[in-house]
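Please look at the sequence and the fold below. The report then takes up a sheet and some ring pairs.

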Amino acid sequence: MNTTAPNRVLLSLFALLLTMAPLTAWGAAPSPVVRTIEVSGLKQIDKTSVRQKIYSQIGKPLNRVRVSEDVKRIYKMNFFEDIQVGIKPHPEGGVTLVYHITERPTIMAIRYDVEGDAVDIEDIKKVVDLKRFGILDEAAIRYNLSKIEELFVDEGHFLAETRYSLQEVPGGVVVTLHVDEGKNVEVRHVYITGNQAVSASEIKGVMATHETGYFSFLTKFGQFKKQFFKEDIKRIQFLYLTKGFIQVQVGEPVVTLSPDKQWMTITIHVKEGPRFKVGDIDLEMAEVPGPDGKPVADAWLIPKEQLIGGVALQRDEWFDYKTLQGDVGRIGDMFRDRGYANTVVNFQPKVDPATKIVDVTFNVQKGDLVYFRRIQIRGNKSTRDKVIRRQLKVHEGDLYSATGIRRSKRRIGVLGYFDKVDVKPQPTGRPDRMDLVVDVKEKQTGTFQVGAGFSSLESFIVTAQIAKDNFLGRGQRVSLNATLSAIRQLISLSFFEPYFFDTPLTFAFDAFNFDEDFVGFTRTRRGGNISFGYRLTDDLSLALTYTLEDVEATLRSSDIEFKGYPSAGLTSSLRLTASLDTRNNRLFPSEGTYTTLSAEIAHEYTGSENEFARIIGRTRWYFGLPLNMVFKVNLTAGWVTSLGDNPVPLFERFFVGGIYTVRGFERNSLGPGVPVGSFPDSTPGRFNVGGVKQLIFNAELEIPIFAEVGIRGVVFFDAGNAWDIDEDLNPLEMRAAVGFGFRWQSPVGPLRFEWGIPLDPKEGEDPIVFEFTIGNSF
């Protein structure tokens with residue numbers, strides 16, 4: 001290359017080194033002197049920062065080793081794609097040393113293309129340290145992809161694949177990170193070793209990691225999540241601590257992956273150690289400054305014997321850490337409920353390895369009395385303050401009460417008006433005063449629904465509902481309902497006021513027009529009722545209801561021997577109902593009980609043409625289980641008798657069978673009946689006249705399937721029957737069935753799809769009965 005040409009020619013570093021290769025020892029000419037140094041090609045990076053990395057000196061002979069080191073230092077800045085070094089003649093003799101640099105492109109945007117939902121995109125973004133408007137570094141991109149793969153490994157996706165792509169745009173490039181999560185690795189086996197006193201099945205029962213099984217598609221068992229490992233260690237340790245093994249050691253889980261990375265086994269080693277019993281239990285008050293400034297034991301606010309008497313941990317029983325934790329809370333609450341909000345309770349275990357005895361001493365530091373200064377309610381945009389405040393069990397100026405705060409939170413939550421309820425004390429500038437902050441998040445309490453569907457029980461169904469649970473933010477309920485189907489037509493208007501004139505009284509009224517098909521007859525009811533109630537406690541209430549309705553039964557066959565059953569008339573009745581409700585949610589309970597006992601009388605003295613007395617008792621129990629499962633039990637018993645010369649009217653008797661009472665049997669098919677020659681369709685049949693006594697038992701387990709869309713599975717056991725006046729109520733004669741189904745909280749209301757299988761079916765009964773309808777179960 002002619003370096004003396006007028007045009008400015010750059011030589012590559014390779015060419016430069018060739019020109020400098022001959023050494024003076026071989027007689028070559030000396031290296032040219034560097035007169036100036038130029039840096040070219042930069043667009044965003046400051047030349048000064050690059051120039052600081054160049055150690056070649058002006059006025060010194062060109063040194064190829066130093067130039068090579070310059071290039072290495074510039075590359076280490078990680079900003080450049082290519083560096084070329086050349087020389088060109090200098091007008092005053094010597095050469096100009098030129099570093100021509102090609103910058104890496106700027107990252108204009110970072111995008112994510114993720115197939116699967118094992119890891120949330122926001123979690124991926126947290127581990128990616130690429131920055132917008134940063135300089136592209138493909139090595140850094142590959143490193144970030146490896147961090148993303150680790151995220152998916154933690155969730156059991158060992159086969160996750162990652163890659164990246166670059167798209168040139170004005171000003172730089174767009175980096176897209178592609179992730180395919182692949183198949184989740186199944187946990188096929190969990191092995192527990194070293195355990196002797198506690199079975200492997202019991203240990204596995206408390207773990208968050210489970211082996212895969214036949215119903216894993218429902219329960220999600222068998223999914224691997226690394227975050228569960230630390231939880232499992234703590235859970236196993238806690239299990240042993242509740243059984244007296246206070247020196248237990250649980251090793252880190254060892255994971256063995258199959259060669260194809262499709263499944264794994266997990267092994268956990270346990271070293272149980274000796275088992276300890278409880279020894280002496282004592283309680284002492286913390287020291288406080290005395291009159292002379294010297295520390296003395298604080299005064300006993302509550303007798304020591306009373307405090308120790310409330311301790312559940314018992315001498316000579318196996319040590320139980322869970323019980324100990326409960327005792328700490330109970331002792332603390334005994335002081336906090338008396339206004340000592342800052343009470344701290346510690347326990348000091350004294351372990352004797354020789355006797356395997358643990359002595360426990362509780363230490364109480366009660367602090368000073370605290371009063372509620374101000375109660376602030378936040379987040380209630382439409383609900384009036386008084387609707388929330390009347391649920392509170394603490395008030396401004398009261399002494400602090402931990403139990404009062406918990407009860408207040410529960411009562412507000414039971415209203416059903418809020419998605420979230422949080423009740424927390426908040427310190428003020430004074431140590432003897434605290435504020436109470438009630439934070440709520442309102443949910444939609446009004447509904448407007450129009451729906452249509454088909455039911456095996458009712459053929460076609462058309463429903464319409466306008467309802468408001470928190471009407472005008474006052475806590476009242478107003479609803480207008482209409483249903484039209486093959487077996488019932490109804491319309492009703494109802495109103496409920498839980499605090500009548502801001503008193504513990506409740507008030508309600510209903511107006512209705514019902515037409516309902518009972519297979520052998522149809523019942524028409526037109527009327528209404530009015531009710532007043534009184535809240536005795538938070539959970540216990542009484543209500544007195546007056547009902548006035550015109551009832552008529554239209555028979556479907558002329559071949560029925562009616563035995564003088566009244567089939568029409570005016571019913572005017574009084575009903576007294578006692579209710580005990582401890583459910584955590586009135587619409588979808590998962591804990592608590594709901595029990596009612598009602599006594600109703602319709603007599604000539606109440607102005608009734610239909611005369612009868614009726615008693616009905618119902619109790620429902622709800623048990624929350626792991627994995628958001630709910631176990632429910634319902635027991636219903638009823639008795640009705642005539643107060644006149646005629647039998648109990650048909651429309652006031654008990655009819656059992658079907659999806660609302662005992663599943664697995666046709667609607668209203670159980671209980672006393674009479675044979676008939678034919679129904680209108682000319683087929684022989686049996687007319688169920690209903691019973692005057694009934695007993696119904698239901699037990700079911702609800703299992704979430706697709707919780708995000710409101711679909712839950714159910715398995716159930718039902719039993720029940722009805723008996724006539726000349727028959728004894730015999731539980732051994734209850735007809736039983738088992739079954740399964742699923743439920744969906746659809747936009748048109750709760751849908752139930754259930755298959756019942758009678759146990760010991762009789763002649764003419766179907767071996768399996770499928771029913772689906774709109775409405776909740778118990």
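## A bridge in the sheet

In strand 6, R163 has H178 as its bridge partner. Strands here are DSSP runs of E, at least two residues long, and helices are runs of H or I, at least four long, all numbered from the N terminus. The model is predicted: local features need pLDDT of at least 70, side-chain atom pairs count only at pLDDT 80 or more, and totals for chains, interfaces and linings use all residues. Residues are numbered from 1 along each chain as its sequence is written, and side-chain values use heavy atoms, leaving out hydrogens and water.

Strand 5 and strand 6 (residues 172-180) run antiparallel, joined by 9 bridges. Two strands pair if DSSP finds at least two bridges between them.

The open sheet has 3 strands in the order 4-6-5, with mixed pairing. Strand 4 (107-115) and strand 5 (161-169) are at the edges with a single partner strand each, so one side of each has no neighbour in the sheet.

## Ring pairs

Rings of Phe, Tyr and Trp (its six-membered ring) pair if their centres lie within 6.5 Å; planes under 30 degrees apart are stacked, over 60 edge-to-face, and the rest tilted. This rule gives 19 aromatic pairs. Y240 and F245 form an edge-to-face pair, because their ring centres are 5.4 Å apart and their planes stand at 80°. Both Y240 and F245 are buried (under 20% relative accessible area; exposed is over 50%, partly exposed in between, with a 1.4 Å probe and protein chains only).

F500 and F507 have ring centres 5.2 Å apart and planes at 25°, so this pair is stacked.
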